[in-house]
Amino acid sequence: MAGTGALAAASATVPQVAHAIGRQNVLIIGAGLAGLRAGQILKAKGHLVTILEGRNRFGGRCYTSHKWADLPMDLGATWIHESGKGNPMTPIAKALGLRLAADSYDKTTAYEAGDGPLTGADLTYFNTMGDKVRKAMESSGDSDTEMSLMQYTKNKIGYASMDAYDKRLADYWMREIGGYEYAGDTAELSAWYWDNAKEFPGPEVYLPDTGYEPIVNALAQGQDIRLNQIVSKIAYTGTGVTVTTNVGTYTADRVIVTVPLGVLKKNKISFSPALPSAYSTAISKLGMGTGVLNKVVLRFPSVFWPAKDWLAYVPTSAELGKFHDWFNPSPALNGKAVLIGFTAGFYGQQQEALADWQIVDKAMDVLRDMFGDGIPNPTDYQVTRWDQDPFSYGSYSFFATGSTPAMVKTLTTAVSNRVFFAGEHTHPDYPQTTHGAYLSGERAANQILALKA
Ligand SMILES: Cc1cc2nc3c(=O)[nH]c(=O)nc-3n(C[C@H](O)[C@H](O)[C@H](O)COP(=O)(O)OP(=O)(O)OC[C@H]3O[C@@H](n4cnc5c(N)ncnc54)[C@H](O)[C@@H]3O)c2cc1C
């Protein structure tokens, strides 16, 4: 069976730790990749694991929609970023026999609002500004004082004395390199730590036939996952934990909390006793939910756009941040005509207040600006609102101004050896990603396995 092969492949990557502790009863809060991976390891080692999940499905921010029966669509994570050596998602995908497709930002056509595709000297000027902004951003760790990435970059490139056109291009690039990659608005990202993460080698790949769903299913296989259990309280003592949900109360030896940082920031789960101040400080200072990354997936009767992986859009200064990026998966979808538009940062967050039809209208305005009024209307759409999602409150974590890597480190340590944390926001090297979430679950499980008593 395919799933079993994948589990074996995944298990092979588990670091060997001494199994010093007796059989434990462990509760895991959240059935995303972090929770599923932690449960998989602990269960394989003979512990009693119960996963409490607030939604009516597992997978969390790996969510493959089946609104279109012939076209599974990832509305959360799409890519296995840096899919080469060391990325644990790739061997699982391969063991499951999933088709991987690669794409590249090198295959991009850029369009300017009201002015069509950028070509020749205009394109060179656009890219030169991109290089200038990127170089400035990459030097931001040298800043003498902590400030937002946007403030630092503006100072560095002399934004204040630029003319209106250069400002527009600089505004585009600051948001493109910041918010569109990190979900938090560039005005919120920390100049010192915004790109603190490490990377594996290898290309960006996605799963055009299936989305992430088979990976989620393989990890969930055989686990005791209780859906529709919204956790509101975690009480811990020197001898155990008690977890309260909307349905009832659970007791166990230990708990692993994998809910997104956004949920912790909103204090949706209370801790008794309160978490030590280093933890509550980390939760409040690290960023999630001030800025967001959202998708608008549009399905068309036929392809009317060029055979590029990405289409970039430079909005007017009046609409900073509007639909910068469009991903074109159609070449890998056997002719199915789909474009995925992204909104990010504060702009993405503001859009969530609109009705679906208004968001689709705005997306179509952009496409008509790029390709003319003659393009067809979409036959259907799917829209995400990750910031309003009460089981996420944002897309993924980021280093907000005032937060530090030491704060993430704090979240990798257990409270009283009873309350453990996992989730993408707790991985010091690979936050914001599926592999970071997965590896964080591995870490938390191994921390429990390594306990002496
Ligand atoms: C739009 C978007 C695009 C992305 N693109 C990519 C990408 O291309 N590649 C990539 O690597 N990563 C991407 N990511 C990030 C990736 O999806 C996450 O890093 C990863 O899935 C997080 O896994 P997790 O287990 O830490 O958290 P989650 O998957 O969020 O799991 C946490 C679980 O906790 C549950 N929960 C929350 N509150 C409660 C509660 N009170 N009680 C019980 N359960 C609760 C949630 O329902 C959820 O199932 C993207 C994310 C988004 C939103």
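I began with two helices, H5 (residues 149-157) and H6 (residues 164-177), whose axes come within 11 Å and cross at roughly 140°. This angle makes H5 oblique to H6, since angles under 35 degrees count as roughly parallel, over 145 as roughly antiparallel, 65 to 115 as roughly perpendicular and the rest as oblique. I noted the crossing of H5 and H6 as right-handed; the term applies if the near helix is turned clockwise from the far one by less than a right angle, and left-handed if anticlockwise. Axes are lines fitted to C-alpha atoms, for helices over the stretch in contact, with angles from 0 to 180 degrees between N-to-C directions. Helices (H or I, at least four residues) and strands (E, at least two) are DSSP runs, numbered from the N terminus.

I recorded that this is a predicted model, in which local features need pLDDT of at least 70, side-chain atom pairs count only at pLDDT 80 or more, and totals for chains, interfaces and linings use all residues. Residues are numbered from 1 along each chain as its sequence is written, and side-chain values use heavy atoms, with hydrogens and water left out.

I next looked up helix H4 (residues 120-138), whose axis comes within 9 Å of that of H6 and crosses it at roughly 55°. H4 and H6 are therefore oblique to each other, and their crossing is right-handed.

I then turned to the backbone. Most residues other than glycine have a negative phi, and most peptide bonds are trans. Asn267, not a glycine, has a positive phi of about 55°; I found Asn267 in the loop between helix H9 (261-265) and strand E15. Ser272 and Pro273 are joined by a cis peptide bond, with omega about -5°. Pro273 is placed in the loop between E15 (270-272) and helix H10 (277-285).

Of the 39 residues around the ligand, Glu53, Arg61, Trp79, Glu424 and Thr434 come nearest; a residue is near if one of its heavy atoms lies within 4 Å. I divided this shell into 20 nonpolar, 15 polar and 4 charged residues. Here Ala, Val, Leu, Ile, Met, Phe, Trp, Tyr, Cys and Pro count as nonpolar, Asp, Glu, Lys and Arg as charged, and the others, Gly among them, as polar.
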